[in-house]
Amino acid sequence: MPRTAVIGAGSWGTAVAALAARNSPTVLWARRTELAETIRTSRVNRDYLPDYQLPKGLSATSSLEEALDGAEVVVMGVPSHGFREILDEAKPFLASGTPIVSLTKGVEQETLKRMTEVVADVAPGRAMGVLTGPNLAKEIMSGQAAASVIATEDLAVARALQSVMQRGLFRLYTNHDVIGCELGGALKNVVAIATGIAQGLGVGDNTRAAVVCRGLAEVTRLGVAMGGEAVTFSGLAGMGDLIATCMSPLSRNRTLGEQLGAGKTLDEILGATRTVAEGVGTAFTVHELAERHNMEMPVCREVYRVLNGEIPASEAYRGLRIQAGHEREPG
């Protein structure tokens, strides 16, 4: 099996590294030396997954050169705001033609580019893919059944990557629609914040179900306008990921929304956690993308208005007028 390097020791990066380490020699890169040392000596990521033992075959380092030495598969598990910078630092140590897989469910705010587009900018001339879907790290580390998607344009590459990362009850399906899979993972985070706000405000389950349903319609319309395939958004990378992220208390974006709905400020929430809720930055990029494509996105618009400080979370649902889509307006 090929040697795998996972760049980024957050909860999901660590979980993927743990999966890969049971199939192939794997090294996990952490930015902080003390975290890498703790993982290496205690077999536990105390900062992000303190309750889970990591496999003995997983090594850890804070040196990109060491992590990438001999790596035949590179997995990028860093937040979108630092993705380009870290990949640029890693570039001198990347072997020619090494495939790069993104775990990041976000969009680069400055350029509005997907992560595979960032890879094409920084390290062109190699296979690029995305691993996405309903993949809450703690459930997967617990060994619970889960299914996700590995998407690359070359399905032979996808199948090779599938063999590296699939393990036990964690199933990986292949898909050629990189754009749709990547956008499904990024855009649903904004809808998850909306459902979290609903939870914090104490609105009914009927309301949350309507927001999830119409949020998926918004995400699908924008995703198709940007080059994705509509069917992708009804699968694991779209609806599956959306349901998990909107409903689970393990979801960072849903939790952030719930705290907003309960009256906390965005600064208070972000200052109290070391994890990244990608939906915050994505809400701003979605607002810009919706304007670029001349598209009405009422659910995402209200989240943007809350995060932008235009309205308090308590007013978000008063102003929400969900478009009916193909369904007719009620009589």
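Residues count as buried under 20% relative accessible area, as exposed over 50%, and as partly exposed in between. All views show a predicted model.

**View 1. Salt bridge between E117 and R114.** The closest N and O atoms of this pair are 3.6 Å apart. E117 has a relative accessible area of 29% and is therefore partly exposed, whereas R114 is buried at 11%.

**View 2. Salt bridge between R254 and E258 within helix α11.** Four residues, about one turn of the helix, separate the two partners, and their closest N and O atoms lie 3.0 Å apart. R254 is buried, with a relative accessible area of 8%; E258 is partly exposed at 27%.

**View 3. Salt-bridge network of E296, R301, E302, R305 and E310.** Within the pair R301 and E302, the closest N and O atoms are 3.4 Å apart. R301 is partly exposed, at 28% relative accessibility, while E302 is buried at 3%.

**View 4. The largest nonpolar core, with 39 residues.** The members touching the most other members are I193, I197, L256, L260 and L307. Helices that each supply at least two residues include α8 (178-201), α11 (252-261) and α14 (298-307); the largest share, nine residues, comes from α8. Beyond its neighbours within four places in sequence, I193 contacts N253, L256, G257, L260, G279, V280, V303 and L307. A second, separate core comprises 37 residues, among them A18, L35, A137 and L161.

**View 5. Nonpolar surface patch formed by M239, I243 and M247.** The patch covers about 250 Å². M239 lies in helix α10 (residues 236-247) and is partly exposed, with a relative accessible area of 36%.

How values were computed: Residues numbered from 1 in each chain as written. Predicted model: local features only at pLDDT ≥ 70, side-chain atom pairs only at ≥ 80, totals over all residues. Heavy atoms only, no water. Patch = residues over 30% accessible without salt bridge, like charges linked within 9 Å, V, L, I, M, F, W, Y side chains within 5 Å. Areas by Shrake-Rupley, 256 points an atom, 1.4 Å probe, with all protein chains shown as cover. Salt bridge = Lys/Arg side-chain N within 4 Å of Asp/Glu carboxyl O. Buried < 20%, exposed > 50% of the residue type's maximum accessible area, 1.4 Å probe, protein only. Core = buried A, V, L, I, M, F, W, Y, C linked by side-chain atoms within 4.5 Å. Contact = heavy atoms within 4.5 Å.
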